[in-house]
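Dear colleague,

I am handing over the structure below, together with an account of what turned up when I went through it. Please read the notes with the structure open beside them.

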Protein chains: 2
Amino acid sequence: MNRTAFQGEKGAYSEKAALEFFDKGIELNPCQSFKEVFELVEQGTCSAGVVPIENSLTGSVHQNYDLLLKYNLTIAGEIYVRIVHCLMALKNIKLEGIKRIYSHPQALEQCQEFLEEAKDIETVPTYDTAGSAKILIEQNIKDGAAIASEQAAKDYGLQILKSGIESNHENYTRFLVLKKENPMPQKGGKTSIVFSFKDIPGALFKSLSVFALRDINLLKIESRPLHGSPWKYFFYLDFEGSLEETASRNAINHLKEITTFLKVLGSYPKAEF
Amino acid sequence: MNRTAFQGEKGAYSEKAALEFFDKGIELNPCQSFKEVFELVEQGTCSAGVVPIENSLTGSVHQNYDLLLKYNLTIAGEIYVRIVHCLMALKNIKLEGIKRIYSHPQALEQCQEFLEEAKDIETVPTYDTAGSAKILIEQNIKDGAAIASEQAAKDYGLQILKSGIESNHENYTRFLVLKKENPMPQKGGKTSIVFSFKDIPGALFKSLSVFALRDINLLKIESRPLHGSPWKYFFYLDFEGSLEETASRNAINHLKEITTFLKVLGSYPKAEF
């Protein structure tokens, strides 16, 4: 069984990420929410899940950071997908007749400049880009358009009114591939961890020093609130190297002297960007 | 003129923050968006603006971090507000008759546990908590409810069906007070800055070390994508002390040796929490 869960409808960017990562030999399982993706993999209904973790324009997908902490899955890999947003509508509809534009809030945000020019058009936030394309067909909406991928326009038989409407074309999303377990790479790759630390002076500086002292390169830092302890945080770090390597393991052991909580989210091969 | 801009309708949590900060002797200017708040202060139409920057459950309000970078305003102060969400509806409506719940996405997220129990009820994201209360009255919606503050229920003559429906009662929002210019405190207080750094090994570690080496306490770190340079970031730091103090100024000068960009967002008195 090689069933992969992703959030969204057929034609979603997460589907594209899954197909590129697994080279197409997989069965796909669309989900309503990110939480459902994590659940299906944890239960074993799906062997893998693919979720967006960060976009180069809008930043981190914080909900998935929180879910990585909550569920016991491992990050088995990552993949970058170039995001090209298209405005699409039913066949024979003209741009002038559009009164509403449907899409996921992140996609609406990424097309802000285009939307600011289209003054009298209302935006309607939805749960999914491809799902917005589906709504147009299902409800036969003649005065509406959707922002989604070219693939979604193909899947739902819509016409593309305008392509590449994102404000900045350096628009990429990094996706994580989640599994129940996965062997760590022997060498290289990267590791993701999450931790919180003791209330000591310079704790964040000391946490980062365990990597700097070993010439380990930090790739990303993200903080999320620690529920129940206002203005304290969980820190998420990505660093270069696998936990199969001595320097990485030493750094983690050193870090444990400072932390009150530490969880390894996975060591996995670095994707090309 | 002491006119203060905030995002939302009468009864919004931002209005409460403004009234508490300025001790009520102000004229209020509700705005549709955070961007409008920044614009009104920059233009001089309002002498101050109040925006949420972080919630203890849902984390940072990233849009306002991005706007702090874009506009040339200074942070003149901060205030913490305890958030108590209430479910409200038109008079004589019972909880059993509710089919839809309207609120801002952050408020819906903060009441996730309550909403998960209310299974057959649809959630409708809106631009504002208090604005959702207003919609019920204006459109005479009998099968809908709103999540907003107790003040909003009073302002719009709604009845409260249930109070304190947030998943976690340690629910606080930190608000910033923005002005065109403001004197820095002579001593104490805190300073907020944003910077990006050169592509050198251990750059983040080195950035934090300029504070650690001077025993300056870091209070918050946040990263946001640097548009046009995927996987590079702007870092936002809050640290203890005013830029009127020598140690803080030395740290900033030291930091400039590493950064390609640095902007001081303000030194201001620390609010009590």
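**How the two chains meet**

In this predicted model, 26 residues of chain A are in contact with 26 residues of chain B. On the side of chain A that touches chain B, helix H8 (203-212) and strand E13 (218-225) of chain A each supply at least two residues, and the largest share, six residues, comes from E13(A).

As for how the copies are related, chain A is superposed on chain B by a rotation of 180° with 0.0 Å of shift along its axis, at an RMSD of 0.0 Å. This is the relation of a two-fold axis, and the same surface serves both copies, in that 100% of the contact residues of chain A recur in chain B.

**The domains of chain A**

Chain A is divided into domain 1 (3-83 + 171-179), domain 2 (86-156) and domain 3 (190-268). Between the C-alpha centres of domain 2 and domain 3 of chain A there is a separation of 41 Å.

**The four-stranded sheet**

An open sheet of chain A is formed by four strands in the order E13-E14-E12-E15, and the pairing in it is antiparallel. The strands E13 and E15 of chain A stand at the edges with a single partner strand each, so one side of each is left without a neighbour in the sheet. From one strand to the next, the twist averages 15°.

Why is strand E12 of chain A described as largely enclosed by the rest of the structure? The reason is that eight of the eight residues of this strand are buried. In a regular strand, side chains alternate between the two faces of the sheet. In E12(A), Lys190(A), Ser192(A), Val194(A) and Ser196(A) point one way, while Thr191(A), Ile193(A), Phe195(A) and Phe197(A) point the other way, and all of them are buried.

Helix H3 (residues 62-70) of chain A lies across E12, E13, E14 and E15 of chain A, and runs at about 85° to E13(A).

**The five-stranded sheet**

A further open sheet of chain A has five strands in the order E8-E7-E9-E6-E10, with mixed pairing. Its edge strands are strand E8 (122-125) and strand E10 (159-163) of chain A, each of which pairs on one side only, and the twist averages 30° from one strand to the next.

Within this sheet, three bridges join strand E7 (residues 100-103) of chain A to strand E9 (residues 144-148) of chain A, which run parallel, and Arg100(A) stands opposite Gly144(A) in E9(A). Helix H6 (residues 129-138) of chain A packs on the sheet, where it touches strand E6 (86-89), E7 and E9 of chain A, and the direction of this helix makes about 155° with that of E9(A).

Thr191(B) is placed in strand E12 (residues 190-197) of chain B, and it counts as buried because it has 27 C-beta neighbours inside 10 Å, where 20 or more are required. Not counting residues up to four places away in sequence, Thr191(B) touches Phe239(B), Gly241(B), Ser242(B), Leu243(B), Ser248(B), Val264(B) and Ser267(B). The C-alpha atoms of Thr191(B) and Gly97(B), which are 94 residues apart along the chain, are separated by 50 Å.

Asn250(B) lies in helix H9 (residues 246-256) of chain B. Is Asn250(B) buried or partly exposed? With 14 C-beta neighbours inside 10 Å, Asn250(B) counts as partly exposed. Its C-alpha atom and that of Asp215(B), 35 residues apart along the chain, are separated by 12 Å.

With best regards

Note on methods. Residues numbered from 1 in each chain as written. Chains lettered and ligands numbered in written order. Predicted model: local features only at pLDDT ≥ 70, side-chain atom pairs only at ≥ 80, totals over all residues. Buried ≥ 20, exposed ≤ 12 C-beta atoms within 10 Å, placed from the backbone. Contact = placed C-beta atoms within 7 Å. Domains from an automatic or database assignment. Pairing = 2+ DSSP bridges. Axes fitted to C-alpha atoms, helices over the stretch in contact; angles between N-to-C directions. Least-squares fit on C-alpha atoms with pLDDT ≥ 70 in both.
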